[in-house]
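Biologist: I'd like to learn how to read a fold like this one. Could you walk me through it?

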Amino acid sequence: MRRSLDPDRLFAELSEFEHLAVAVSGGSDSMALLTFVSDWSLRVGVGVTALTVDHGLRPGSRREADYVAECCRHLGIAHHTLYWDGEKPASGLSDAARGARYRLLARFCAEHAITALLTGHTRDDQAETIYMRLKRSALSNRGLAGMAFETRYRSDPLSEITIYRPLLCHARSALRAMLVGKGVGWIDDPTNDNTAYERVRARSLLAQSPDFAEDLIQYGRCAGRLRRLHACQAADFIETHVRVGIGDQLFLPRAALRALAEPVAVLTVQALMSVVGGREHLPPARKVMAVLRESGRATLSRVIVTQDDTTVSLRRENRNLAGEITLSSAPQLWDGRYFLWLNVCDGRVPTVRCLRSHETADAVVSSAMPLEGHNVKQVLATQPMVFDASGDFHDPSGSFHSGTTVGSVSCRHARGAFERFCPAFDLPLLDAIDGLFTRKLHPDTVKHVTKDAVWEDSNV
């Protein structure tokens, strides 16, 4: 059953926010969203700022942004145009533009303490998205759930926004009829007629097959429920069973893992491998499945998987590690796994660098010490060693914990495939991963790294 276009129902979950940002391109979908939210916000007392991203890819883009600004002026809504400056890539332009758009929107929101961003994605967009994913993937692909009503987006570890799609259950035709009835115009993007784009071709096909489009929507709903269920079960396993070792090794009890339904077991390991390996995407399910069906040792997606009768361990392989970086107050992602930044610039720590730790492992550990079946040097060789002018080393996975600070350096573990975009389906997994790296190292022990040795402090 489709939701009502009553603004009170559209934005029922958003009244708790003091201020909302709305992405408005000038097209019919975003203009409908702007029209709805302007009436509603005045009535309930929620502040609204409209944001238009000018990618600078077409001659008329500046004029379209000015049109939106004028509409917002008539509605009494603040408006800002954000510009994508600099060189544009020769290939993959659509993906690059999408990434730039969300970065610009998130940056503005962070600078103005806005935590919620509304976009005008519609039911039509949902059907197109599911269709395009179905064309290039198996039926088991988690992406067939389509877009979520709510998605967390983090452009860097210091700022996070939640993207909401209030119009996701509504057809574009209904929104345009509403705009016509209110005398509100919109701009048709000429690229929407360019069949060089996959989405334009999908839109044309689905317009001729409305029953098929509806089937896709219903399939997406079912896939979304299943995706959420699997994420909840995987999150429960992580919170209950997974242990964290020095060097952020992860240890999973093999019997408990095998007791899970295979899709849940595979998802659990996929999620953890993306974090340990510092990857933006989950490793292929079929490859993870093949690894779990064997014993011994295997390497996949920069992760060494070791299995014996009782335990499955995951650790970063000692190859293709990130190089040296110089830290600043802006968070920097090292090796896809750690965000590091200077928390205090008081002159006492003039330089903080992150070196490839395999270059300094011998200096850090004076003798080989076995731990959980691995050599300490091998494990530490995959970790960033942060040091200051005094030569003191700090190991982010030991002395640091996610979201905490040691001295003037802050660290947060990246979340792998869930770092930037995390749809509502996967939020339980996101919370479990965040919790995993804020626990103490097992067994209630923190490992400290110095230039001389590794020692334990059970009183931390």
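Biologist: How many bridges join strand β8 to strand β11, and do they run parallel or antiparallel?

Modeller: Keep in mind that this is a predicted model. In general, strands of a sheet pair through backbone hydrogen bonds, either parallel or antiparallel. Here 4 bridges join β8 (residues 250-253) to β11 (residues 311-316), and the two run antiparallel. Across that pairing, Phe-251 sits opposite Ser-313 in β11.

Biologist: What is the strand order of the open sheet?

Modeller: Reading across its 5 strands you get β7-β8-β11-β10-β9, with antiparallel pairing.

Biologist: Now helices. What span should helix α4 have?

Modeller: Count 1.5 Å a residue: the 19 residues of α4 (residues 93-111) should span 27 Å, and the end C-alpha atoms are 27 Å apart, so the two agree.

Biologist: Which residues of α4 are buried?

Modeller: First the general idea: an α-helix has 3.6 residues a turn, so residues three or four places apart point the same way. In α4 the buried ones are Ala-97, Ala-100, Tyr-102, Leu-104, Leu-105, Ala-106, Phe-108 and Cys-109. Just after α4, Ala-113 takes a positive phi of about 55°.

Biologist: And how many disulfides does the whole structure have?

Modeller: A search finds 0. As for individual cysteines, Cys-232 is partly exposed at 35% relative accessible area, whereas Cys-422 is buried at 1%.

Terms used
Residues numbered from 1 in each chain as written. Predicted model: local features only at pLDDT ≥ 70, side-chain atom pairs only at ≥ 80, totals over all residues. Heavy atoms only, no water. Pairing = 2+ DSSP bridges. Expected span 1.5 Å × (residues − 1). Buried < 20%, exposed > 50% of the residue type's maximum accessible area, 1.4 Å probe, protein only. Disulfide = S-S within 2.5 Å.
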